Amino acid sequence: MTESIQNLQKMMALQKLVKKIRPLIHCITNPISIHDCANVVLAAGGRPIMAEHPREVEQITETAQALMLNLGNITDVRMESMKRSLAAANKKGIPVLLDLVGVACSDLRREYASELLQTGTISVLKGNMSEILEMAGEESHSIGIDAGIQDTLTPENLEKVIECFQSMAKRTGAVILASGKTDLIVDAAEAYAVENGDAMMSEITGTGCMLGAVCSTYLGGVHVSTAQNTCEIKMIHAVLLGAAVMGIAGELAAEDSHGPGSFQIRFLDFLYQIDGKLLGIKGKINRVL
């Protein structure tokens, strides 16, 4: 059996498990995308809870199967809550996804993200190419919270970028997810390119945050699978599945919509409908290292 088939089978098993167990996903995110993040967690098979008050987040995180921290539109309250939730998740062995929104354009966010990495364990570090490069200590060219064109992943810079991100993965212990036209997913041993998606996804706000929420939902499945010792599913399978499912939903929605309004509705519909068969047919996942 080839490695690609084995990975597909593990992703299909993970997706099926998530829909069966409906893991609770605690999301501390920004008000711009909070509604959409909650909806995509539901569509992927999880149950969202969006608590952010510092006096309750530890208790809520302890009951969850995964934690998503999103630095968009950051506030003092959410910064305190994220620290507390990260500590609670680490104490319980709950996987944590940190979405590095804006770290390439804000000293506050970059320094805060560095503090979280120094004080806690992160399972997945997610951002666009500019944000990941910035956190890796490389030159970046962001435009606000968007990646700069100079940071686009190309065949010419692929090897160098993988080397950089793999070093970061080894240093932090996290799976690295750099989103873009091609999503690059790297851990200490492997690297994959996911080529699913459509340009319409950039015409609505929050798709990057939604990607983090979907990946976190599948991380919840990995947490349960690991506890039950049911199959050899790893964190990287959750990230690969999240990136592929989001991209496929975007492709299908773009074919069946007339603009950003109808696209957003159809995107959520297709995200809900994607099953293992469609993942096998439409998924564009290639190992690049």
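The model is predicted, with local features requiring pLDDT of at least 70 and side-chain atom pairs counted only at pLDDT 80 or more, while totals for chains, interfaces and linings use all residues. Residues are numbered from 1 along each chain as its sequence is written, and side-chain values use heavy atoms, leaving out hydrogens and water.

**The sheet**

Begin by displaying the strands (DSSP runs of E, at least two residues, numbered from the N terminus). Nine of them form an open sheet with mixed pairing, in the order β2-β1-β3-β4-β5-β6-β7-β8-β9; two strands count as paired if DSSP finds at least two bridges between them. Select residues 47–49 and 285–287 next: these are the edge strands β2 and β9, each pairing on one side only. From one strand to the next the twist averages 20°, where axes are lines fitted to C-alpha atoms and angles run from 0 to 180 degrees between N-to-C directions.

Ala193 has Asn286 of β9 as its bridge partner.

Now select residues 66–70. In this strand, β3, five of five residues are buried, that is, under 20% relative accessible area with a 1.4 Å probe and protein chains only. Ala66, Met68 and Asn70 are buried on one face, and Leu67 and Leu69 on the other.

To follow the chain from β3 to β4, select helix α4 (residues 76–92), through which it makes a right-handed β-α-β crossover. Right-handed denotes a clockwise path from the first strand over the helix to the second, with the strands pointing away from the viewer. Helices are DSSP runs of H or I, at least four residues.

**The largest pocket**

Finally, select Asn128, Ser179, Gly180, Lys181 and Thr207, which lie nearest the centre of the largest pocket among its 48 lining residues. A pocket is an open set of points on a 1 Å grid over the protein atoms alone, where a 1.4 Å probe fits, with protein on both sides within 12 Å along at least five of seven lines; lining residues have an atom within 4 Å of a point. Its space is about 1400 Å³, a volume filled by probe spheres set on the points. Elements giving two or more residues to the lining are β5 (124–128), α6 (129–135), α8 (207–228) and α9 (235–255); α8 gives the most, with four.

Note on methods: Buried means under 20% relative accessible area, exposed over 50%, partly exposed in between (1.4 Å probe, protein chains only).
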